[in-house]
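Hello,

Here is the structure I promised to pass on to you. Have a look at it first, and then read my notes below.

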Amino acid sequence: MVGLDFTGWGGGKKQVISTLTKVNKVNDVVKILKQINVADDLITTYAPIIAKTTKVDDVAKILNRIDKIQKTTKVATAKG
């Protein structure tokens, strides 16, 4: 897997965190997470949590956790 990509956001990671802190609809969080290349399985898990989170520090911790998971997880491939 790859890390998160904040290049499409004017203020980078800080802008994403600020935006996610203000968003409270899961569907809106999903759109943002897809834009920064969060894996679909992680989006399913973390989008509802982020939608309920209102503190910048907490959103930052969640994004750091997602980034770490993506960087350390290998994609399973079928052998056949």
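A residue is called buried when its relative accessible area is under 20%, exposed when that area is over 50%, and partly exposed in between. Please keep in mind that this is a predicted model.

Let's begin with helix H4, which covers residues 56-72. Its 17 residues reach 24 Å from the first C-alpha to the last, close to the 24 Å expected at 1.5 Å a residue.

Which residues of H4 are buried? They are Val59, Ala60, Ile62, Leu63, Ile66, Asp67 and Gln70. Looking down the axis of H4, you will find these buried residues within an arc of 160°, so they line one face of the helix. An α-helix has 3.6 residues a turn, so residues three or four places apart point the same way. On the face of H4 turned away from the buried side sit the exposed residues Asp57, Lys61, Lys68 and Thr72.

What do the buried residues of H4 pack against? Their partners are helix H1 (12-22), helix H2 (26-35) and helix H3 (40-52).

For H3 and H4, the packing angle is about 175° and the axes are 11 Å apart. That makes H3 roughly antiparallel to H4. H3 contributes Leu42, Tyr46, Ile49 and Ile50 to the contact, while H4 brings Ile62, Arg65, Ile66, Ile69 and Gln70. Sorted by class, this contact has seven nonpolar residues, one polar and one charged.

One last stop is Asn37, in the loop between H2 and H3. Asn37 has a positive phi of about 70°, although it is not a glycine. With a relative accessible area of 38%, Asn37 is partly exposed.

Enjoy exploring!

How values were computed
Residues are numbered from 1 along each chain as its sequence is written. This is a predicted model: local features need pLDDT of at least 70, side-chain atom pairs count only at pLDDT 80 or more; totals for chains, interfaces and linings use all residues. Side-chain values use heavy atoms; hydrogens and water are left out. Helices (H or I, at least four residues) and strands (E, at least two) are DSSP runs, numbered from the N terminus. The expected span of a helix is 1.5 Å times one less than its number of residues. Buried means under 20% relative accessible area, exposed over 50%, partly exposed in between (1.4 Å probe, protein chains only). The arc is that of the directions from the helix axis to the C-beta atoms. Contact means heavy atoms within 4.5 Å. Axes are lines fitted to C-alpha atoms, for helices over the stretch in contact, and angles run from 0 to 180 degrees between N-to-C directions. Angles under 35 degrees count as roughly parallel, over 145 as roughly antiparallel, 65 to 115 as roughly perpendicular and the rest as oblique. Ala, Val, Leu, Ile, Met, Phe, Trp, Tyr, Cys and Pro count as nonpolar, Asp, Glu, Lys and Arg as charged, and the others, Gly among them, as polar.
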